[in-house]
Amino acid sequence: LGLVELILIVFGVVLTIILAFLVASLGLGAILFVVGLGIFFVLSVIIIFGVANNIYNTALYVYAETGKIPEGFNKEVLAHAFEENK
């Protein structure tokens, strides 16, 4: 999840910068509007992925404590979370 979040944030920042340069001829209001949209996008991505991470951690906790797989989750995904990365 972290890698996808990073990619979306970088995409949002780069797109905001490009659009700000493109609308620069329209005035400061247009630039501020584009920057505002960029900030909204980045904050939305951070919030959405924060919630997704908390849901995953909760499912992982339930699996670790009870051995039951929460609905909507795959046993392999949860079981591999406890393996050591090489």
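Predicted model: local features only at pLDDT ≥ 70, side-chain atom pairs only at ≥ 80, totals over all residues.

Q: OK. Where is Val-34?

A: Val-34 sits in helix H2. Helices are DSSP runs of H or I with at least four residues, strands are E runs of at least two, and both are numbered from the N terminus.

Q: What does Val-34 touch, leaving aside its neighbours within four places in sequence?

A: Val-34 is in contact with Thr-16, Leu-19, Ala-20 and Val-23. Contact means heavy atoms within 4.5 Å.

Q: And Thr-16, buried or exposed?

A: Thr-16 is buried, at 16% relative accessibility.

Q: Tell me about H1 then. How many residues does H1 have?

A: H1 covers residues 2-22, which is 21 residues, and it reaches 30 Å from first C-alpha to last, close to the 30 Å expected at 1.5 Å a residue. The expected span is 1.5 Å times one less than the number of residues.

Q: Which residues of H1 are buried?

A: Glu-5, Gly-12, Thr-16 and Ala-20. Down the axis of H1 they fall within an arc of 55°, so they line one face of the helix. That arc is taken from the directions from the helix axis to the C-beta atoms.

Q: Why do residues three or four places apart point the same way?

A: An α-helix has 3.6 residues a turn, so residues three or four places apart point the same way.

Q: What covers the buried residues of H1?

A: The cover includes helix H2, residues 28-66.

Q: And what's on the face of H1 turned away from its buried side?

A: That face carries the exposed residues Leu-3, Ile-7, Phe-21 and Leu-22. Ile-7 has 51% relative accessibility, so it counts as exposed.

Q: Which residues form the nonpolar patch on the surface?

A: Among them are Leu-3, Ile-7, Val-14, Leu-22 and Phe-41, and the patch has about 1,000 Å² of accessible area together. H1 gives the most to it, with ten residues. Patch residues have over 30% relative accessible area and no salt bridge; like charges are joined within 9 Å, and nonpolar side chains (Val, Leu, Ile, Met, Phe, Trp, Tyr) within 5 Å. A salt bridge is a side-chain nitrogen of Lys or Arg within 4 Å of a carboxyl oxygen of Asp or Glu, and areas come from the Shrake-Rupley method with a 1.4 Å probe, where only the protein chains shown count as cover for residues.

Q: How exposed is Val-14?

A: Val-14 is partly exposed, with a relative accessible area of 42%.

Q: Switching to H2: how far apart are its end C-alpha atoms?

A: They are 57 Å apart, which agrees with the 57 Å that its 39 residues should span at 1.5 Å a residue.

Q: What do the buried residues of H2 pack against?

A: They pack against H1 and helix H3 (75-80). The buried set of H2 includes Ala-30, Val-34, Phe-49 and Tyr-63.

Q: What follows H2?

A: Gly-67, with a positive phi near 80°.

Notes
Residues numbered from 1 in each chain as written. Heavy atoms only, no water. Buried < 20%, exposed > 50% of the residue type's maximum accessible area, 1.4 Å probe, protein only.
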